[in-house]
Structures are given as C-alpha cells and as structure tokens.
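Hi,

Here is the structure I promised to pass on.

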Amino acid sequence: MRFIGETRFSLLKPESPNWLASNGSRFGSLEEYRDYLYSTKRLDVRSEIFLDVSLPQLQRASASVDYRHVVSYSETLPATYQLRLEEARRQFDFLVLDRHTGDTTESSSLEVAREIFGPDSPTGGAGTPFGWFRLDDDDLLSADYFEQMRPYVTAANVGMQVSLGSGYTALWKDGCFYDPRSAWSPLIAVGLLSICMFDGTGQVIRPVEAPHHESDRYNPVILDSRKAGYLWVRHLSQDTSLRCVEGGPDEALASIMKDLNRFPRVNSMGEVERLFPLSAERFSPAPSPGLALIAVGHPIPALDERGLRVETGATDRAIQVELTLECGADAVAGNALLGLDLVDSAGIPLGPDDMQDELRQLGLSFSQVPGIGHFRYLASRPGRSDYSVTLNLPDGVFCTSVLLRRWNNPALDIRVARLEIFGMQFRGAPKSKPVKVFIWGSCVSRDPFELDSDIEIVDYRARSSLGSAFAARPLDWENQIDLGSLTSPFQRRMATADVIKSLAVDLRSAEFDALILDFIDERMSTVDFCGSVVTDSPELAAAGLNVPATLKHEPWSENGWALRKAGIVSLLEIVDPSRIIVNRVYWATTDDAGDAFAQARWIAKNNAFLRELYEIIELIPGIRFIDYPDEMLVAGSEHHWGRQPYHYIAELNQYFLFEVEKMLAAD
C-alpha cells in the first residue's frame, strides 16, 4: 500500500488568499509578512511540534506501508531551521525535502509520487493507486491512520477523497497538549486523503483541487468517523491568532480555550495516549496551562455513603474538581455531594465555627456527619453528565483531600467515570497595586465579588441598555418623571444615570483595569423619550415613565438592533477593547431542583438575541470573554434575588471570579 504526504513548512507564499498572514488583510508589505512568517517565536513552536512530535508519530504509523513525506520550504527560511530539516531527513528515511528557490511555490509532492509510484517506477506502475494528503506542520495523525485508510486506497476509488471525521483537539503550550477534547469535524483538512493513480502516459488521475471544507461539492467523499484519526492542535502562533493581534496573547489564549469548550471532554485519556503513543507524556488533562493535575480518583462502579476520598496534599488558592457521573433514572439534584477536608496553615482542621462567612460565600456548608466536613451538593441528574466545581480558597486555608459520596437516596445507582482535581501551577508575582474593575451589567457580574476577592469595584451600573446609555440627554425630562419618588438609593442611582447619560463621563474619569460587561439587562426595550432614548426599566416605570407602545422598541427589532450597534461604537470610543471582559451568559432553562421554567419560548428568544449580540462583539479584536460549562448555566431555585432564568447557582459565581482573577493576574 502506497501513501505520500505533504507539509508546507512556513513556505513563503506572499499572495496566497488562504491565510490571514498572506492575503494582505494583516500585513502591508512583503517584509512585514516575511518577518512574521520567519519569527523565532513562531518557527520554534512549529519546529517542536513537527520535528519532535509529528515526524516520530508518522514513522511509527507508516511502518507497514510504502510511504514518503515531502516537506516544502523556501530558500529564505532561516538557516537554523533549514539545518534542522536536514537533520530530520537523515533521521527519517521516508522524508523528502523540497527546497524552493526564487518564485517557485508549487509543491513537488506529486512529482515525487511520479518517481516512486509512476509507470516507470520499479515499485509502482500504471494503474497502481496511492493515497495523497497534506498535513500542516502543527497537526498530528493517529498511530493507525494508514491502517484506517488502507481499505479505501483501491483502483475503484481513484478520484475520490476520504475524510476521517473523528479526532481530538487540544491546546499546545510550553511543550504540552492541554485539555484534549473529542472533535468531530467532517472534511477537516488534517489528513484529508485523495486517492490517485498514474495512467500509462504518466498523467495523474486525482480528485479536483478544492477547499477542504467544500470537498464534497467537487469530488465523491468517503466519510468515516468511527475512529479518531487526527489531533488538531491549537496554539498561539497560528494564523487564526492574528485576529487577536490587538489583544495580545491573553486574548488569543482565551479565544482558543473558548473554542475548545464547544467540544466534549475525552472519555478516556488512555485512548488518546494509545493513538498518540510517542506523545503520551505530553498530554495534560488540565483545563488550562495555569492549573496542574494534582490528584486523580479511580473510577468506581457503585458510589455509596462511604464515598471516594482522594488525597490532594495541602493545596491552596484555586482548586478545580472535574468529574463525570453516571446516575440512575431517579437521580435528582443533591443526590451526590463533594466534601473538602480543609485545614489552616498549621494543619489544624477547620470546624463548623471557623471562617463561616468566607466559606459560606464559596457555597460550602459544614456537615456534622463524620467524615464529610465542609461540603457542597452537586446538581446530580439521570444519565451520564460532566460536572465542574471551582473554588478560590481564602488565604491561609488549605485543602488536603476531596470526598465524593452518594446522599439521601440509598437505592440510587451512581457510577464515577472520572474524577480529576486541579490546583494552581504557579502563584505569579504580586501586583504593585490593587486591581480595579468597573462593572456595567447586572447582578450576574456583581454578585461574585461578594465572595473573597482582592479585586476592587470602582463602580457598578445596571438597568441601562447599550441602546440608551450613550444617547443624548432627554429634554425637559424632569416634568415627565419623578426620580426622587424611588425609595431605593440603588434604584434611584441607576435610573438617574440612564436618564442623564452619565456613563460616558464616568467611564472616562474612573480608574479601572478592566470593564466587565454582561448583557442580561439588554432584555429590556428602549423607549423614545423627550427627544432621546431611555431604557424601559421597572425603575423608570415606577418613577412615572408612561409612553405609548409605538414608542417602545424591543431588543431584536430593527430599531433596537440599530441603537445597540451604535452603543457598541460609542463604548469603543471610550474604552480600549483590551480592557473589556464580557461575561458571556445565557438564560437558564431549568433550576437546580430540576424544575423547568414555563416561559420556554421567551427564554429561547432572549438567548437567540444574546447569541447574535455576542457574535457581533466577538468581531472586535482585543475583547475577552468568560464562558461556562453547560452544567453551570442553571438557575438557583432559592437565589436571594428570586428564581429567574438569569439568577444562577453559586457555582457560576465561583467560576466567574476564578476566570476574572486569572485574566487580570496575567495582565
């Protein structure tokens, strides 16, 4: 069986339309493009992945097939990396170097294939099919890639392509693959195989050249997603990271991690390591480079009241517990709990009266049942589900073990499929001054700061839409509404700010490191009022705002969208995007008691609006987002502000604060 692969190793193609780096949208001259393409930072990452990880993997995978791999590169590639390619050619006998001179940019891989597999070759001959594929210098193929492709490389399939739709994706940083996820991406470029053949005249019969994601529009494509066939690698030196150039590496990293979150966690790290055996020690299940795996609990088929306890050592500050449970059909929220063995700096266990307020703010209670100590219920539910709990422990408090046990249903079947505990990998240097934030949004962004945090809130604004906050001040508004009639100082302050339009001035004058935004209050309509626009808030209604329905504009109306887009433009004229953090939440459909909200269509409509608004904001380079696992977007049935689709469980507050502190610690 014959295969030929091709990698373009930072091949200089100044006018290629396929990449941000070369299509003219990012760099204004050939020199700028070349400097980017050949930067040491970029090439070091790709050299390590391709030469130290991918090529050894290809050597192992191709042991039973006739294989050549062509590496195309430009003569202008810095000498250090040309020497490394030469060393690799001597190490891997399947490697063929294709050095381009002058303006030549077309790959020679098919010419190499003609020499090896063509009609005049000793091992090939006319009518002998072979597989041809491209592989980027920062992606990997599985150890059984060629075995998976072998059945499809036949004369009957010449002119067709084969896509292995299943694989994995992970973040590459500092020599490790972080947070591997299961990926299903039909027609992905990684390992997309073309079945080719030379005829008697030496002409190649092959599929039509087409963008990989449109392959099925030009050629018959065989899609086989039964087994994983690739590792799609994400890192900060990729072409896609150029979209985040204004926000720097922090924004690029946040963007990668956000995109990874749309893929499910792997069911078995063992399977990942089996398919990429030479890289097994490089895989880390840690959800981010800032955390390290500190303990693992073994899977157990039946969780009971004795529970599963895992020693963590004396870890402090951030602790994150990731687990997968399979619960019986009668499971409800609270049928499983997570216990933490907490001690002070002297190693003395914390009792029920120690640090009550601080620990209660973390959502932790103390149980008098022996062996439990401080604990938190899990939102257990029937079937297989992933759970994530993040805690920022108070200063001087250490967690020495974690307990997982069944609760309040002795007959319930619970299987622990995964239990992983992560802790802070490094503390970082202390900041020379307190970190300050300005919050513009709702309680979903304000409430988390009631927990233990060194972050200072310089101002908090709510009840004001993007569509009205930066409009002109209404004329003669004093004769239309009575803000003094509002008895709540907070409500009076919020309504006044929306009417007199003070936000722009306050943003310009306040000292803050980050502006935190959420768009929960965008659910309210905007109102044409006294020659301007205000938000149709309950506070203004209580102050006497009473206008015809024709003057009100729902958020998703044409006028509503136009006002909000204008508000975004005004905001960006005041605050640099790199200082903006968007709390990306969606309305919950159920609460932590398992009860669904009745207004399903209203929730869906607001979530669709939020999704479109987030997509607009995402186009702005530099803005960072906080995203959540699906299991956290659950309403609190006993939330202190009331049961609403946008009043969430305590775990979400913990997660939000942890993510904000991570972002601001890196600034």
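Two bits of housekeeping before that. This is a predicted model, so keep in mind that local features need pLDDT of at least 70 and side-chain atom pairs count only at pLDDT 80 or more, while totals for chains, interfaces and linings use all residues. Residues are numbered from 1 along each chain as its sequence is written, and side-chain values use heavy atoms, with hydrogens and water left out.

**The open sheet**

Helices (H or I, at least four residues) and strands (E, at least two) are DSSP runs, numbered from the N terminus. Two strands count as paired if DSSP finds at least two bridges between them. On that basis, 5 strands make an open sheet with antiparallel pairing, and the order is E15-E21-E17-E19-E18. At the edges sit E15 (308-316) and E18 (365-367), each of which pairs on one side only. From one strand to the next the twist averages 35° (axes are lines fitted to C-alpha atoms, and angles run from 0 to 180 degrees between N-to-C directions). E18 is joined to E19 (residues 373-378) by 3 bridges, in the antiparallel sense, and Ser367 stands opposite Gly373 in E19.

**The cores**

Buried here means under 20% relative accessible area, exposed means over 50%, and partly exposed is in between (1.4 Å probe, protein chains only). A nonpolar core is a set of buried Ala, Val, Leu, Ile, Met, Phe, Trp, Tyr and Cys residues joined through side-chain atoms within 4.5 Å. The largest one has 61 residues, and Leu507 and Leu515 have the most contacts inside it. Helix H16 (residues 650-666) supplies the largest share of this core, 7 residues. What does Leu507 touch, leaving aside its neighbours within four places in sequence? With contact taken as heavy atoms within 4.5 Å, its partners are Phe438, Phe470, Phe512, Leu515, Leu571, Ile574 and Val575. There is also a second, separate core of 44 residues, with Phe3, Tyr38, Phe92 and Val162 among them.

**Helix H11**

The expected span of a helix is 1.5 Å times one less than its number of residues. H11 (residues 489-500) has 12 residues and should therefore span 16 Å, which agrees with the 16 Å between its end C-alpha atoms. Its buried residues are Met494, Ala495, Ala497, Asp498 and Val499. They pack against strand E24 (456-462), strand E27 (532-535) and helix H13 (538-542). Just after H11, Lys501 takes a positive phi of about 60°.

**Salt bridges**

I get 40 salt bridges in the structure, each one a side-chain nitrogen of Lys or Arg within 4 Å of a carboxyl oxygen of Asp or Glu.

- Arg84 with Asp52: the closest N and O atoms are 3.3 Å apart. Arg84 is in helix H3 (residues 79-91) and Asp52 in helix H2 (residues 40-61), so the pair ties together parts 32 residues apart in sequence. Arg84 is partly exposed at 27% relative accessible area, and Asp52 is partly exposed at 38%.
- Glu651 with Arg376: the N to O distance is 3.8 Å. Glu651 belongs to H16 and Arg376 to E19, so this pair ties together parts 275 residues apart in sequence. Both Glu651 and Arg376 are buried.
- Lys662 with Glu659: the N to O distance is 3.4 Å. Both lie in H16, 3 residues apart, about one turn of the helix. Lys662 is partly exposed at 23%, whereas Glu659 is buried at 13%.

There is a network too: salt bridges link Glu6, Arg8, Arg134, Arg206 and Glu209.

Are the faces of E29 covered or open? Both are covered, with Ile580 and Val582 buried on one side and Ile581 and Asn583 buried on the other. E29 pairs in the parallel sense with E25 (residues 514-517) over 3 bridges, where Leu517 stands opposite Val582. E29 also pairs with E30 (residues 624-626), again parallel and over 3 bridges, and there Ile581 stands opposite Arg624.

The loop between helix H14 (558-574) and E29 (580-583) holds Asp576, which is partly exposed at 42% relative accessibility.

Cheers
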